[in-house]
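Open the model in your viewer and keep the selection panel at hand. The tour goes from the whole chain to single residues.

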Amino acid sequence: DMQATVKSAVAELRNIADQKVAGNELQSLKAEMDTCVEALRVEVRRKAFTEDMVARLEAKASITEVNQALQLKADAADAEEKLKDRATKASLTSGLNKKANK
């Protein structure tokens, strides 16, 4: 009878020990899972930040390209105006020279 009681107590102690080991393993797994979840959150924030910065840079590049195109157009118009002025001056000078030579 005493031997049965000892066996029962040992079995109960093993069961309690197994439960504590399992509990510790679960706590360790939960801590590891929490660490992984936080790392994922950081990566998601980093990715969102990167995507936002890329979008901003693309928009800035687009604005820069538009501004450059507008500047080129203005420069071309200015150059065209200067050529017209030169042509007009050359025509007037040519006309004056013809009158002077007559």
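Start with the surface of the whole chain. The chain exposes about 9500 Å², and 60% of that comes from carbon and sulfur atoms. Areas here are Shrake-Rupley values with a 1.4 Å probe, and for residues only the protein chains shown count as cover.

A note on the source: this is a predicted model, where local features need pLDDT of at least 70, side-chain atom pairs count only at pLDDT 80 or more, and totals for chains, interfaces and linings use all residues. Residues are numbered from 1 along each chain as its sequence is written, and side-chain values use heavy atoms, leaving out hydrogens and water.

Now switch to cartoon. The chain has one helix and zero strands (DSSP runs, numbered from the N terminus: helices are H or I of at least four residues, strands E of at least two). The radius of gyration is 44 Å, well over the 13 Å from the globule rule for 102 residues, so the chain is more spread out than a compact globule (C-alpha atoms; the rule is 2.2 Å times the number of residues to the power 0.38). Along the principal axes, the C-alpha atoms fill a box of roughly 150 × 10 × 10 Å.

Next, select threonine 64. This residue is in helix α1, residues 2-101.

Finish at methionine 2. Methionine 2 also belongs to helix α1 and counts as exposed at 64% relative accessibility.

Notes: Buried < 20%, exposed > 50% of the residue type's maximum accessible area, 1.4 Å probe, protein only.
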